[in-house]
Amino acid sequence: MGVVDWGERDGSGSQSRLGLPNQGGLILVSGPSRSGKSRWAEHLADSSGLPVTYLATGADRPGDIAWQQRVRLHRQRRPSHWTTLEVGGDLEAALEDRRSGPPMSSGLGHGQGELTLPIPIPGGAQPQDQAELPSVRSGVAAPGPADGTHLLLIDSLGTWLAHHLALEESAWLQRQERLLRALAQQRSPVVLVCEEVGWGVVPPTAIGGLFRDRSGSLQQQLMAQAAAAWLVVQGRALNLMALGEPVPPA
């Protein structure tokens with residue numbers, strides 16, 4: 001297949017150098033609510049030509065009809081041949097299992113029904129969607145050789161974070177570090193969907209402010225280790241590596 005424009009940081013314009021689907025790299029796709037970020041992430045994953053494992057981090061929310069409808073639309077939109085695993089707040093454990101275990105497979109589509117998985121499901125996780133991620137502590141994550149089997153699509157960072165808002169700061173920092181480490185150890189391409197929050201509206205609650213601050217801080221750390229990044233606004237995807245300059249560290 002042709003070269004996929006991942007929007008990689010390559011120093012020479014908008015064209016990607018990830019190109020080959022058997023190279024690793026963390027690709028961030030962020031945007032506000034209803035911007036089209038999940039659809040763009042799905043487009044990148046589908047264009048890679050690789051089998052896709054989708055990791056869903058959202059809570060069940062059985063009493064929330066609007067949320068259930070949103071989840072249903074996401075499931076219906078996914079290609080039937082994608083593998084799905086619902087990991088909830090246990091994303092790090094799922095990534096750690098993916099690092100050393102074989103790719104999971106299933107004949108089921110759209111994340112519906114029960115999956116028979118060849119590796120143990122992390123504690124608290126349930127079958128629905130799965131994906132993999134890479135990262136480093138500073139600078140750009142150098143795309144490395146992947147095992148050539150799966151691309152990981154994670155949707156989303158914000159719904160994973162929401163599981164851990166009750167943690168005290170020290171416990172949160174440990175959880176965050178574990179996630180960053182798990183991402184850094186992935187060898188397959190990883191597309192990670194992130195929510196953009198705090199664009200001018202001050203949250204009226206303390207927990208809303210905490211979500212905004214933790215999300216913004218974590219996304220900056222992820223950007224420092226990403227090979228590619230997109231900002232999706234009003235249904236348009238902007239290549240941040242081509243358009244933006246890094247902000248000096250504090």
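Of the contacts in the protein chain with a separation of 6 or more, 78% are between residues 24 or more positions apart; contact here means heavy atoms within 4.5 Å. Before I go on, the ground rules: this is a predicted model, local features need pLDDT of at least 70, side-chain atom pairs count only at pLDDT 80 or more, and totals for chains, interfaces and linings use all residues. Numbering runs from 1 along each chain as its sequence is written, and side-chain values use heavy atoms, with hydrogens and water left out.

Now the overall numbers. The chain has 250 residues, and 46% of them count as buried. Buried is under 20% relative accessible area, exposed is over 50%, and partly exposed is in between, with a 1.4 Å probe and protein chains only. The protein chain exposes about 12100 Å², and carbon and sulfur atoms supply 54% of that. Those areas are Shrake-Rupley with a 1.4 Å probe, and for residues only the protein chains shown count as cover. On secondary structure, we have seven helices and eight strands. These are DSSP runs, numbered from the N terminus: H or I of at least four residues for helices, E of at least two for strands.

Let's go to strand β6, residues 189-195.

Who pairs with β6? Strand β1, residues 25-31, runs parallel to β6 and is joined to it by seven bridges, with Ser-30 standing opposite Cys-194. Strand β5, residues 151-155, is also parallel to β6, with four bridges, and there Ile-154 has Leu-192 as its bridge partner. For pairing, DSSP has to find at least two bridges between the strands.

Asp-155 and Ser-156 are joined by a cis peptide bond, with omega at about 15°. Ser-156 sits in the loop between β5 and α4, which covers 157-162. As a reminder, most residues other than glycine have a negative phi, and most peptide bonds are trans.

Arg-34 is not a glycine, yet its phi is positive, about 60°. You'll find Arg-34 in the loop between β1 and α1, and it is exposed, with a relative accessible area of 65%.

The other one is Gln-234, in the turn of a hairpin. Strand β7 (228-233) and strand β8 (236-239) pair antiparallel over four bridges, and Trp-230 stands opposite Asn-239 in β8. Two residues lie between the strands of this hairpin, and Gln-234 in the turn has a positive phi of about 55°. Gln-234 is exposed too, at a relative accessible area of 76%.

Next, a residue at the other end of the accessibility scale. Ser-48 is in the loop between α1 (37-47) and β2 (52-56), and at 1% relative accessibility it counts as buried. The side chain of Ser-48 reaches the backbone nitrogen of Leu-50 at 3.1 Å.

Last stop, helix α5, residues 169-184. At 1.5 Å a residue, its 16 residues should span 22 Å, and the end C-alpha atoms are 22 Å apart, so that agrees; the expected span is 1.5 Å times one less than the number of residues. Which residues of α5 are buried? They are Trp-172, Gln-176, Leu-179, Leu-180, Ala-182 and Leu-183. These cover an arc of only 160° around the axis, so they are on the same side of α5; the arc is taken over the directions from the helix axis to the C-beta atoms. The face turned away from that buried side carries the exposed residues Ser-170 and Gln-174.

Let me finish on Trp-172, which counts as buried at 2% relative accessibility. Leaving aside neighbours within four places in sequence, Trp-172 is in contact with Trp-160, Leu-161, His-164, Leu-167, Arg-214 and Leu-218. Trp-172 and Leu-161 are 11 residues apart in sequence, and 9.5 Å apart C-alpha to C-alpha. That's my tour, over to you.

Notes:
A polar contact is a pair of N or O atoms within 3.5 Å; within protein, one must be able to donate a hydrogen and the other to accept it, and residues adjacent in sequence count only if both atoms are side-chain atoms.
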